[in-house]
Amino acid sequence: RRRADMFVIVGRSEPLYELELSGGSGASASGNLDQFIIHSALDMVDTALLQHTSLFLRTVDSFGEKFVSAYVTPSHVKFMLLHERNKNEDTIKAFFQEVQELFVKITLNPFYTYDTAITSKGFDDRVRALANRYLA
Amino acid sequence: MAGERAVAESVFELLMFEAFRVAREAPGGDGGEDGASAEARRMEVKGRIEAMGFDVGYRKVERSATEKLLGRHPLELIKFICKDLWLALFQKQADRLQTNHRGMFVLNDGNFTWLKRLGHRTDEKSVAMAEHILDFACGILRGALTNLGLSTAVYAEIKELPGVSFTVKVK
């Protein structure tokens, strides 16, 4: 039973990375809704930031049965996870922290233009592996 | 063993000096005889080196700042630069921070690591090298601050070798 639907990294001016976790069926119909829910939650992230000093912001928004959890790097890059149950915060936090490490590494890579969409297959493979480990 | 990989400092310095040489000798600008175009050329090289520094600083700070949110106040960000980033880049912290509380900060380092090889030499080549080093360092500070959300202008002055004073003006 999957625990998460979609993971998005949002940079300063645009989304940098998107991972659909909910499986192939009905992807385009629910996929757009998932994106919409996550992007609507961005304002809530800004609100949550006013109350936190930690990077993990926990659940910032919900839409029906779905919840959006968020994490922000000191460089203000937002990690957003759309998931079904408001539980296992430690697992979600651990996932975000591991992705942050991958994000740091790719930011250090001079062949990656920072603040642009991440197209590296290596990055994608590693994030998928983390999602399987922490969120499956 | 989760090792931290290290490289000899001299290797980094050689790479940095070589990068400056490439910036100086890369094509562009006519490099003519008269003062005007020589000055334009000098500014172009300066811009190139500062831009390299900006890129390095922008990326480096992602590695240096991973633990907690630093808040939006410029003073918190500059303090982070003086301690954590300085330590990561120069193996020491900045010595002194001054501010007028109106968007201007002066960061003093009485023993700037990257200038130590130049000793107290005042020949033309050493002076030019010192300038490259400072332009690069200013770029790094500006890039780091930009990634942390602060837009600034940064310039440096040699106070008394090897002491440097960096001025950061928040835009």
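A salt bridge is taken here as a side-chain nitrogen of Lys or Arg within 4 Å of a carboxyl oxygen of Asp or Glu. The legends below describe close-up views of a predicted model.

Figure 1. Side chains of opposite charge can pair when their charged atoms come close. Over all chains, the count by this rule comes to 23 salt bridges.

**Figure 2. The salt bridge between chain B and chain A.** One salt bridge is counted between the two chains. The partners are E101(A) and R63(B), with a distance of 2.9 Å between the closest N and O atoms. On the chain B side of the contact, α2 (35–64) and α4 (124–147) each supply at least two residues. Helix α2(B) gives the most to this side, namely seven residues. By residue class, the side of chain B that touches chain A comprises eight charged, five nonpolar and four polar residues.

**Figure 3. The extent of the contact between chain B and chain A.** Chain A contributes 25 residues to the contact and chain B contributes 17. Together the chains bury about 1,700 Å², of which 56% lies on carbon and sulfur atoms. Of the area that chain B buries against chain A, 43% comes from R59(B), E62(B) and L69(B), more than from any other three residues. Nine residue pairs, both members at pLDDT 80 or more, are in polar contact between the chains. For the model, ipTM is 0.90 and pTM is 0.91.

**Figure 4. The cis peptide bond between L161(B) and P162(B).** The bond that joins these two residues has an omega of about -5°. P162(B) is located in the loop that runs between β3 (152–160) and β4 (163–170) of chain B. These strands belong to a chain with four helices and four strands, arranged along the sequence as α-α-α-β-β-α-β-β.

**Figure 5. A positive phi angle at H76(A).** The backbone of H76(A), a residue other than glycine, has a phi near 65°. H76(A) sits in the loop between β4 (66–72) and β5 (78–83) of chain A.

**Figure 6. Overall dimensions of chain B.** The C-alpha trace of chain B spans about 50 × 45 × 30 Å along its principal axes. The radius of gyration of chain B is 17 Å, which agrees with the value near 16 Å that a compact globule of 171 residues would have.

**Figure 7. Confidence along the two chains.** Chain A has a mean pLDDT of 89, with 90% of its residues at 70 or more. For chain B the mean is 90, and 93% of its residues reach 70 or more. Within chain A, confidence is lowest in helix α1 (residues 27–40), where the mean is 77, and highest in helix α3 (residues 89–108), where the mean is 96. Where pLDDT is low, the predicted coordinates should not be read in detail.

How values were computed:
Residues are numbered from 1 along each chain as its sequence is written. Chains are lettered from A and ligands numbered from 1 in the order in which they are written. Side-chain values use heavy atoms; hydrogens and water are left out. pLDDT is the predictor's confidence in each residue, from 0 to 100. Contact means heavy atoms within 4.5 Å. Buried area is the accessible area (1.4 Å probe) that two parts lose on being put together, summed over both. A polar contact is a pair of N or O atoms within 3.5 Å; within protein, one must be able to donate a hydrogen and the other to accept it, and residues adjacent in sequence count only if both atoms are side-chain atoms. Ala, Val, Leu, Ile, Met, Phe, Trp, Tyr, Cys and Pro count as nonpolar, Asp, Glu, Lys and Arg as charged, and the others, Gly among them, as polar. The radius of gyration is taken over C-alpha atoms; the globule rule is 2.2 Å times the number of residues to the power 0.38.
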